[in-house]
Amino acid sequence: MKITVRQLTRTFSRDGKLTTALDSVNLAVKEGEFVSIIGPSGCGKSTLLYMIAGFVPPDSGDIAVDGRIVRSPGVDRGVVFQEYALFPWLTVEQNILYPLQRRPMSDSDRRHTAQSYIELIGLGGFESRYPKELSGGMRQRVALARTLAADPDILLLDEPLGALDAQTREVLQDELLRVWQRTGKTVLMVTHDVSEAVYLSERVIVMSARPGRFVQEFKIELDRSVPRETLETSSTFTELRNKLWLAVRQEAIAAGLATQRAPA
């Protein structure tokens, strides 16, 4: 397995009170697989992602990548956050070049590699623009390209499209799907969007209300060679989306957060 999580538990202390974010979580992700985790707000989804990234240590249990225990961040795991996290004083090209500085490459090879990722995420012609000159969707493309340029084996996506408007979000979902299909990276994504999870993933895991545990798993088998409008109006897509939404709503009710509407 590419990622293995075993009996993972994490507790935080806030205002003198202990809060268990994750309780005995187990997860296995195969190489090249796209897996999404969805669940109520505050259930520990992002905490789990940051622990796999090596930012947060477990209280008990362990995480392994390619059989090696995770004890710190590593170049094998790239993280894309909801906030763009770009260097505002660097151009698009310079932001993407940044992770390449530590790789043993010539300057010309670095620029060629950066340009290939700029083209991959559809930002050709914007190389000299600064983040403040870009739309939110374009900034997130740069953030994704910068992470890809570091060539991690694993992409960890924490609500990467959550701050975008609906139209831009759909465009970037298509870009993300295309990037995954082209690169074959292992992807683990946290999202609140049920339709997004179904559209992008091979497997979707539902997390319970706090303390976070995995309670249901859905295998997603869709023909992604057909046009998106055909796919999303198919009975298979609709049935999966509705089942997943009901599972998440059940957990949201348990958490006292049941304000979601049924998908249209």
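This is a guided tour of a predicted model, stop by stop.

**Before you start**

Residues are numbered from 1 along each chain as its sequence is written, and side-chain values use heavy atoms, with hydrogens and water left out. Because the model is predicted, local features need pLDDT of at least 70 and side-chain atom pairs count only at pLDDT 80 or more, while totals for chains, interfaces and linings use all residues.

**Stop 1: the whole chain**

Show the protein chain as a cartoon. It has 8 helices and 10 strands. Helices (H or I, at least four residues) and strands (E, at least two) are DSSP runs, numbered from the N terminus. The radius of gyration is 19 Å, close to the 18 Å that the globule rule gives for 264 residues, so the chain is as compact as a globular protein of that length. That radius is taken over C-alpha atoms, and the rule is 2.2 Å times the number of residues to the power 0.38.

Along the principal axes, the C-alpha atoms fill a box of roughly 55 × 45 × 35 Å. Colour by burial: 49% of the 264 residues count as buried. Buried means under 20% relative accessible area, exposed over 50%, and partly exposed in between (1.4 Å probe, protein chains only). Among contacts between residues at least 6 apart in sequence, 68% join residues at least 24 apart. A contact is heavy atoms within 4.5 Å.

**Stop 2: the largest nonpolar core**

Select Ile96 and Leu244. Of the 51 residues in the largest nonpolar core, these two touch the most other members. Helix H4 (residues 136-149) gives this core its largest share, 7 residues. Apart from it lies another core, of 27 residues, including Met51, Val56, Ile63 and Leu156. A nonpolar core here is a set of buried Ala, Val, Leu, Ile, Met, Phe, Trp, Tyr and Cys residues joined through side-chain atoms within 4.5 Å.

Stay on Ile96. Leaving aside neighbours within four places in sequence, Ile96 is in contact with Ala114, Tyr117, Ile118, Val142, Ala145, Arg146 and Ala149.

Step to Ile118, in helix H3 (residues 107-120). Ile118 counts as buried, at 0% relative accessibility. With neighbours within four places again set aside, Ile118 is in contact with Val92, Glu93, Ile96, Leu123, Gly124 and Glu127. Draw a C-alpha to C-alpha distance from Ile118 to Arg103: 18 Å in space, for 15 residues in sequence.

**Stop 3: the cavity**

A search of the whole structure finds 1 cavity of 30 Å³ or more. On a 1 Å grid over the protein atoms alone, a cavity is a set of points where a 1.4 Å probe fits but cannot get out, and lining residues have an atom within 4 Å of a point. Points are joined across faces, edges and corners, and a volume is the space filled by probe spheres set on them.

Select the lining: Val80, Ile121, Gln140, Arg141, Leu144, Leu157, Pro160, Leu161, Leu172, Glu175 and Leu176. H4 and helix H5 (166-183) are the elements that give two or more residues to this lining. By class, the lining has 8 nonpolar, 1 polar and 2 charged residues. Ala, Val, Leu, Ile, Met, Phe, Trp, Tyr, Cys and Pro count as nonpolar, Asp, Glu, Lys and Arg as charged, and the others, Gly among them, as polar.

Zoom in on Gln140, in helix H4. Gln140 is buried, with a relative accessible area of 3%. Beyond neighbours within four places in sequence, Gln140 is in contact with Val80, Phe81, Gln82, Tyr84, Pro160, Leu161 and Leu172.

**Stop 4: helix H1**

Select residues 45-53. Of the 9 residues of helix H1, 7 are buried, so the helix is largely enclosed by the rest of the structure. The buried ones are Lys45, Thr47, Leu48, Leu49, Met51, Ile52 and Ala53. Gly54 follows H1, with a positive phi near 95°.

**Stop 5: backbone exceptions**

Most residues other than glycine have a negative phi, and most peptide bonds are trans.

- Gln7, in strand E1 (residues 3-14), has a positive phi near 50°. Gln7 is partly exposed at 45% relative accessible area.
- Asp66 sits in the loop between strand E4 (60-65) and strand E5 (68-69). Its phi is positive, near 55°, and Asp66 is partly exposed at 33%.
- Arg210 and Pro211 are joined by a cis peptide bond, omega about 0°. Pro211 is in the loop between strand E9 (203-207) and strand E10 (214-219).

Definitions and conventions:
On a 1 Å grid over the protein atoms alone, a cavity is a set of points where a 1.4 Å probe fits but cannot get out, and a pocket is an open set with protein on both sides within 12 Å along at least five of seven lines; lining residues have an atom within 4 Å of a point.
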